[in-house]
Amino acid sequence: MTFSITIECYRILSIYFCLSVILSETTFPHYRSPGLEREKPLFCCNAAFILGSIAVFPLLKQSKCEKYRKQIKITESIHSSASLGHVTEEPMSAQRFGAGIWHFATYLDRYATDGYGAPRSVIEAIDLAGQVKDLSVVDINYPFFGGDFSNAQVKEALDRNKLGVIGITPEIYTREFVKGSFTNPDAGVRRRAHELVTEACDQVRYFGADYVKLWPGQDGWDYPFQVDYGTLWKHSLDGVGRLASENPDLKFVIEYKPREPRVRMSFGSVARTLLGIEKIGLPNVGILLDFGHAIMGGESAADSAQLAIDYGRLFGMDVNDNYRSWDDDLVAGSLHPIEIFEFFYVLRKNNWEGVWQLDQFPFREDSIATANHAIDFLKAAAKGLDALDVDALKEAQSRHDAISGLKIAQKALFGAM
Ligand code: FE
Ligand code: FE
């Protein structure tokens, strides 16, 4: 930076002295002639600057090249990150569907403290997931719930149900981490979070999963004056950055969410999470965009997806639905079908080829029927994308014509159902 400012100053001064020589030689020859001796120091000074600028010219060129080289590097890094997020030049292949394994578990809340059903183990949950039509992969919590199972036992259950693993979600949001995982005020607890995620990294390698999913749900605050925001954000980035640099062979996805369980979460929006990821500056950290988290945070999920794709950081996604005030995790498409359809349109428009993954919590519903119903909707949405008159839509969008755009999208989606 300082170097380029020096060069720029040198260039301006050189131009000034060149002009002064030319002017004194041509426009005002009489001015120099009578007192050549007196003008000698100025003439020498001018000559020195002209020679100097000739010498500086290659450096100047080199400095400009460096600048462009840096720009090219940034562009290349964005493109290589984009490939991590499955953005390709090719049209989409057959769509794969996945689900968080917790979709098939049973739940507690602060009212039904005895649970909404008998407890299930991860093995039982996998066996239920295996009964869903067209489910290819699951995201598995680590440590495994409902018993002390070995990797081999879990693998055996997955194999008999013909399921792969897309991600491992280390439980950095349980009792031990109620005051935060990466941002816990106790350095010992932060270290423990690091160790737990490091163990999850080995699970990702064992199961050949796509990524470690980071959901730091307890990293945040509840009250004004509770935390120092700068320290909290620094700890968030240090925690993720250290893991990503120690495990360059793996991808890490941050699933942002505005609130719950913390009233304010550190990674709370697409923009904040992207800012953090860019600050970390490593190619193996990306976003898992949960449609429900985006809309409960007041975002347009389609716009959030485009932003994350533009920065080469959309590594994964979840779908579900909610009434926008809370993370209800209802069936995908049950409340906001046209918005979720636009979200899928943006993914296809960018040739984003990741798994369409369910993150639903069927508290009172049958988990298999709920997953099947959601996947039927997702398939209809995929058919709707095939039927979409993309040229007409682009033409309508070029004029920001809301009604024409909506008509085209509604005809495609509802016609496919
Ligand atoms: Fe999710
Ligand atoms: Fe959620």
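How many helices and strands does the secondary structure of the protein chain come to? The count is 14 helices and ten strands. The model shown in these views is predicted.

**Figure 1. Overview of the protein chain, with its 14 helices and ten strands.** The chain has 417 residues, and 38% of them count as buried. Taking contacts between residues at least 6 apart in sequence, 79% join residues at least 24 apart.

**Figure 2. Close-up of helix 11 (residues 337-349) against helix 12 (residues 367-387).** The two axes come within 10 Å and cross at roughly 60°, which makes helix 11 oblique to helix 12. The crossing of helix 11 past helix 12 is right-handed. On the helix 11 side, the residues in contact are Ile340, Phe341, Phe344, Tyr345 and Arg348. They meet Ala381, Gly384 and Leu385 of helix 12. Sorted by class, this contact has six nonpolar residues, one polar residue and one charged residue.

**Figure 3. Close-up of helix 11 against helix 14 (residues 402-415).** Here the axes come within 10 Å and cross at roughly 100°. Helix 11 is therefore roughly perpendicular to helix 14, since angles of 65 to 115 degrees fall in that class. Helix 11 contributes Pro337, Ile338, Phe341 and Glu342, and helix 14 contributes Ala409, Gln410 and Leu413. By class, the residues in this contact are five nonpolar, one polar and one charged. Phe341 of helix 11 takes part in the contact with helix 14 and also in the contact with helix 12.

**Figure 4. Close-up of alanine 305 in the largest nonpolar core.** This core has 91 residues. The members that touch the most other members are Ala129, Val138, Ile287 and Ala305. With neighbours within four places in sequence left aside, alanine 305 is in contact with Leu289, Leu314, Phe343, Val346 and Leu347. In soluble globular proteins, nonpolar side chains tend to be buried together.

Figure 5. Is glutamine 95 buried or exposed? Glutamine 95 counts as buried because it has 20 C-beta neighbours inside 10 Å, and the cut-off for buried is 20 or more. Not counting residues up to four places away in sequence, glutamine 95 touches Trp356 and Ala382. Glutamine 95 and tryptophan 356 are 261 residues apart in sequence, while their C-alpha atoms are 7.5 Å apart in space.

Technical notes:
Residues are numbered from 1 along each chain as its sequence is written. Chains are lettered from A and ligands numbered from 1 in the order in which they are written. This is a predicted model: local features need pLDDT of at least 70, side-chain atom pairs count only at pLDDT 80 or more; totals for chains, interfaces and linings use all residues. Axes are lines fitted to C-alpha atoms, for helices over the stretch in contact, and angles run from 0 to 180 degrees between N-to-C directions. Helices (H or I, at least four residues) and strands (E, at least two) are DSSP runs, numbered from the N terminus. Angles under 35 degrees count as roughly parallel, over 145 as roughly antiparallel, 65 to 115 as roughly perpendicular and the rest as oblique. A crossing is left-handed if the near helix is turned anticlockwise from the far one by less than a right angle, and right-handed if clockwise. Two residues are in contact if their C-beta atoms, placed from the backbone, lie within 7 Å. Ala, Val, Leu, Ile, Met, Phe, Trp, Tyr, Cys and Pro count as nonpolar, Asp, Glu, Lys and Arg as charged, and the others, Gly among them, as polar. A nonpolar core is a set of buried Ala, Val, Leu, Ile, Met, Phe, Trp, Tyr and Cys residues joined through C-beta atoms within 7 Å. A residue is buried if 20 or more other C-beta atoms lie within 10 Å of its own, exposed if 12 or fewer, and partly exposed in between; C-beta atoms are placed from the backbone.
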